[in-house]
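Please examine the sequence and the model shown below. The paragraphs after them lead through selected side chains, then turn to the overall fold.

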Amino acid sequence: VLIEENDFFRDQWGGPTSDVAYAISSVLYVRNPNATIRRNRIRGGEYGVILANSAAGQRFYSNLVLDNAEGISAGGGPDTWLIGNTLSGSRLSPNGTLGRAINKGANANTIARNNLLLSSDFGIDSTVAGNNSHNAFWGVGSNYRNSANGTSDVTANPLVDANYRPAATSP
């Protein structure tokens, strides 16, 4: 399954404002194994994206995830990759859901690499260590929660443009 180049959105904490199917107050719920989700804009929900626990081999690449209480919930199955995404504005919701950009849950096999995490309460929340590297954090309350820092992370101002992409002068 390929989910590519869509604009998924909900009104903030309310019902859907597009024809996108949703579940569990999420903008996008993916339970297909080996699904590739790339170059989408996902915004304005309680959960931006939920990658189902039982689905193996999901690939989440180069997406823009904005203004959700939790950007990506990836308790996913083995071999789930979260690579090259931009997440911004993950804030505490009215019902108390943590403002996490990425929630990896207890799956040590979920890889979070080369992501840009901006203006969120928490960056990456994981109950197990490992498979975090080369992520950039700016304006994040706590880069990692319940997990050790990743390798080669960047915590300098990433200098993003109006489309949330790193500018040529970005570190």
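W81 is partly exposed, since its relative accessible area is 26%; on this scale buried means under 20%, exposed over 50%, and partly exposed in between, with a 1.4 Å probe and protein chains only. The model is a predicted one, in which local features need pLDDT of at least 70 and side-chain atom pairs count only at pLDDT 80 or more, while totals for chains, interfaces and linings use all residues. Residues are numbered from 1 along each chain as its sequence is written, and side-chain values use heavy atoms, with hydrogens and water left out.

A search of the whole structure finds 2 aromatic pairs. In one of them, the ring centres of Y61 and W81 are 6.5 Å apart and the planes meet at 75 degrees, so the arrangement is edge-to-face. Rings of Phe, Tyr and Trp (its six-membered ring) pair if their centres lie within 6.5 Å, and planes under 30 degrees apart count as stacked, over 60 as edge-to-face and the rest as tilted. The pair links distant parts of the chain, 20 residues apart: Y61 belongs to strand β7 (residues 59-61) and W81 to strand β10 (residues 81-83). Y61 is also partly exposed, because its relative accessibility is 24%.

Elsewhere, R145 lies over the face of F122, at 5.0 Å from the ring centre.

Most residues other than glycine have a negative phi. E5, however, has a positive phi, near 55 degrees, and lies in the loop between β1 (2-4) and β2 (7-9). With 55% relative accessibility, E5 counts as exposed. R39 likewise has a positive phi, near 55 degrees, in the loop between β4 (36-38) and β5 (41-43). R39 is partly exposed, because its relative accessible area is 43%.

What of the protein as a whole? There are 18 strands and 0 helices, where helices (H or I, at least four residues) and strands (E, at least two) are DSSP runs numbered from the N terminus. Of the 171 residues, 47% count as buried. Among contacts (heavy atoms within 4.5 Å) between residues at least 6 apart in sequence, 38% join residues at least 24 apart.

Terms used. A charge sits over a ring if NZ of Lys or CZ of Arg is within 6 Å of the ring centre and within 35 degrees of the ring normal.
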